[in-house]
Amino acid sequence: MDDRLDMANKTAKPDFAGDRRVGRNEDIKGRFLVIKTTFGCLRGYALADGESLTKYANNPKIAGNLRDGFPYPYTRENALEFISIAMSKTPPTLLAIANDREVIGGIGLMVKTDVHRLTAELGYWLGEPFWGMGIVPEAVRAIVNYGFESLGLLRISAEPYSSNPASCRVLEKAGFVFEGRQKNNVIKNGKILDSMMFAITCEPKA
Ligand SMILES: CC(C)(COP(=O)(O)OP(=O)(O)OC[C@H]1O[C@@H](n2cnc3c(N)ncnc32)[C@H](O)[C@@H]1OP(=O)(O)O)[C@@H](O)C(=O)NCCC(=O)NCCS
């Protein structure tokens with residue numbers, strides 16, 4: 001087996017004893033989260049990530065597939081505001097997709113409330129130079145494992161727009177099940193779109 005893959009299989013579980021130099025996205029015991037992957041890792045953000053976050057997020061092909069809260073143009077101020085929100089989450093739920101040099105994308109679990117508090121909605125994006133390398137499917141599998149094993153979630157869903165077959169494919173590759181098409185659920189950049197409901201679940205622990 002490829003050494004990097006072997007290492008990823010052994011280390012895919014969340015590691016809260018990671019490198020504290022890169023930021024303060026900590027769990028309740030004050031430990032920094034790093035989930036190792038073959039491309040690098042999922043980890044908490046640090047203020048120093050502002051430059052690479054702005055470089056890759058500032059892309060209409062990315063913003064066009066996300067909620068309106070992800071702006072285009074995406075400025076350094078937008079990046080720093082997002083990073084400070086991400087760093088305030090305990091336990092961490094908004095993670096950077098990073099290689100060994102910089103942040104190349106983002107992935108997050110929006111944990112719901114009230115009767116839906118054991119479920120979360122998944123969102124993600126990747127810098128365009130890195131598309132087509134299988135990075136996001138691996139990142140999705142890693143954060144799903146974190147959500148089930150460390151956050152105690154039982155259901156994680158995602159709702160790509162009908163205009164985004166690449167994202168639907170990512171979810172299929174990561175083991176999500178297509179639950180149905182939600183007609184006219186979205187207005188994005190003036191267009192009415194359907195959304196495609198995907199979910200993955202795990203059984204409650206006895
Ligand atoms: C969608 C996105 C997350 C994919 O990430 P990625 O790491 O490049 O994913 P992959 O490497 O698995 O490549 C995409 C897959 O979709 C497929 N795909 C791409 N365009 C497609 C299309 N028009 N129709 C069908 N499949 C398509 C690719 O062939 C590939 O599948 P394969 O490995 O079976 O060949 C990335 O392109 C992105 O960030 N896009 C902008 C933001 C976004 O859409 N976020 C998701 C919002 S729900």
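Which elements are included in what covers the buried residues of α2? The cover includes α3 (60–63), α4 and β4 (103–111). A residue is buried if 20 or more other C-beta atoms lie within 10 Å of its own, exposed if 12 or fewer, and partly exposed in between, with C-beta atoms placed from the backbone.

## Model and confidence

This is a predicted model, in which local features need pLDDT of at least 70 and side-chain atom pairs count only at pLDDT 80 or more, while totals for chains, interfaces and linings use all residues. Residues are numbered from 1 along each chain as its sequence is written.

The average pLDDT (the predictor's confidence in each residue, from 0 to 100) is 89 for the chain, and 85% of the residues score at least 70. Residues 1–12 have a pLDDT below 50, and this stretch has eleven contacts beyond near neighbours in sequence. Two residues are in contact if their C-beta atoms, placed from the backbone, lie within 7 Å.

## Overall layout

The chain has six helices and eight strands. Helices (H or I, at least four residues) and strands (E, at least two) are DSSP runs, numbered from the N terminus. Starting at that end, the order is α-β-β-α-α-α-β-β-β-α-β-α-β-β.

Of the 206 residues in the chain, 34% are buried. Among contacts with a separation of 6 or more, 56% are between residues 24 or more positions apart.

In α2 (50–57), the buried residues are Gly50, Leu53, Tyr56 and Ala57. They line one face of the helix, because they fall within an arc of 145° seen down the axis of α2. The arc is that of the directions from the helix axis to the C-beta atoms.

Helix α4 covers residues 76–87. Its buried residues are Ala79, Phe82, Ile83 and Ala86. Seen down the axis of α4, these lie within an arc of 100°, so they too line one face. An α-helix has 3.6 residues a turn, so residues three or four places apart point the same way. Glu77, Glu81, Ser84 and Ile85 are exposed on the other side of α4. The buried residues of α4 pack against α2 and β3 (94–98).

Leu47 sits in the loop between β2 (41–43) and α2. Beyond four places in sequence, Leu47 is in contact with Leu80 and Ile83. Leu47 counts as exposed because it has 12 C-beta neighbours inside 10 Å.

## Around the ligand

There are 22 residues around the ligand, and Asn65, Val136, Pro165, Ala166 and Arg169 come nearest. A residue counts as near a molecule if its C-beta atom, placed from the backbone, lies within 6 Å of it. The largest share of this shell, six residues, comes from α6.

The shell has 15 nonpolar, five polar and two charged residues. Ala, Val, Leu, Ile, Met, Phe, Trp, Tyr, Cys and Pro count as nonpolar, Asp, Glu, Lys and Arg as charged, and the others, Gly among them, as polar.

## Backbone exceptions

Most residues other than glycine have a negative phi, and most peptide bonds are trans. Tyr72 and Pro73 are joined by a cis peptide bond, with omega about 0°; Pro73 is in the loop between α3 and α4. The bond from Thr90 to Pro91 is also cis, with omega near 0°.

Asp114 is not a glycine, yet its phi is positive, about 55°. Asp114 lies in the loop between β4 and β5. Asn189 has a positive phi near 50° and lies in the loop between β7 (177–188) and β8 (191–201).

Definitions and conventions:
Expected span 1.5 Å × (residues − 1).
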